[in-house]
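This report concerns the chain shown below.

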Amino acid sequence: MADGGAISGAVEIGAGMLDRMIEIRRHLHRNPELSNHEANTQLYLRQMLAGQGIADIRDVAGFGLAVDIVGTGAGPYTLACDTFDAVVTGSAAHAAKPHEGVDALAVACSLVTELQKIVSREIDPYDPLVISVTAINGGNAYNVSAGKVALKGTIRSGSDATRERVWRRVRAIAEGMAASHGAHVEVDIHRGEPGVVNDVEMAELIVASGKACIGADDVLNTPGWTVADDFGYCS
């Protein structure tokens, strides 16, 4: 890969690495070379790869580069990804007399706080789970409390048992929180991609094969991460 047009492979990209990749891409766009005459591009990419500790870099077809890297890990590798929508319905009131209504926005804010406690207080820390409320929308006036508020978010889980448990807990917490405030809530949970779970013996086989073929230095231990991947449908 000499033109910087594609980077492939299942590796974990941290914030620092992502910034570096953006920097590399911008450099290549600012310094274009004709196809099949990419000598400076090849040299630049070779230096960048070497700077990341990659020593076994081969020339391919004149101005291309190739490296051999194997990365894997056993157990949950990517998480199952589900999404949810919740609509809290109360009753609007003048902001000067909030006691005359049921403030759906206040209920929704309490719901956001309580949902976070599923991860921190109900699930084993070694059992991967992420619950993120990513949007909240309701109300449209300075002097009227919100009568209806919509929330949405995502649930990332590493096991089927935790996935099913969290579905139940999200519903129970939402319904209980709404009822305690005299409001109503409707929760819709949408099943998404399943998680990718790497078989322990197969991961060990890949590691052993990689060490035998390309050397131990180029076989990386890349533990699982919290993104979702539709490869879960195939694994």
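A residue is termed buried under 20% relative accessible area, exposed over 50% and partly exposed in between, with a 1.4 Å probe and protein chains only. The model is a predicted one, in which local features need pLDDT of at least 70 and side-chain atom pairs pLDDT 80 or more, whereas totals for chains, interfaces and linings use all residues. Residues are numbered from 1 along each chain as its sequence is written, and side-chain values use heavy atoms, with hydrogens and water left out.

| Residue | Relative accessible area | Class |
|---|---|---|
| Cys-81 | 10% | buried |
| Cys-109 | 40% | partly exposed |
| Ser-157 | 2% | buried |

With a disulfide defined as a pair of cysteine sulfur atoms within 2.5 Å, the chain has 0 disulfides.

The chain contains 5 helices and 10 strands, taken as DSSP runs numbered from the N terminus (helices: H or I, at least four residues; strands: E, at least two). Strand 7 spans residues 148-157 and includes Ser-157. Leaving aside residues up to four places away in sequence, Ser-157 touches Leu-79, Ala-80, Pro-128, Leu-129, Thr-162 and Arg-163, a contact being heavy atoms within 4.5 Å.

For the chain as a whole, 29% of the 235 residues count as buried. Of the contacts between residues at least 6 apart in sequence, 70% join residues at least 24 apart.
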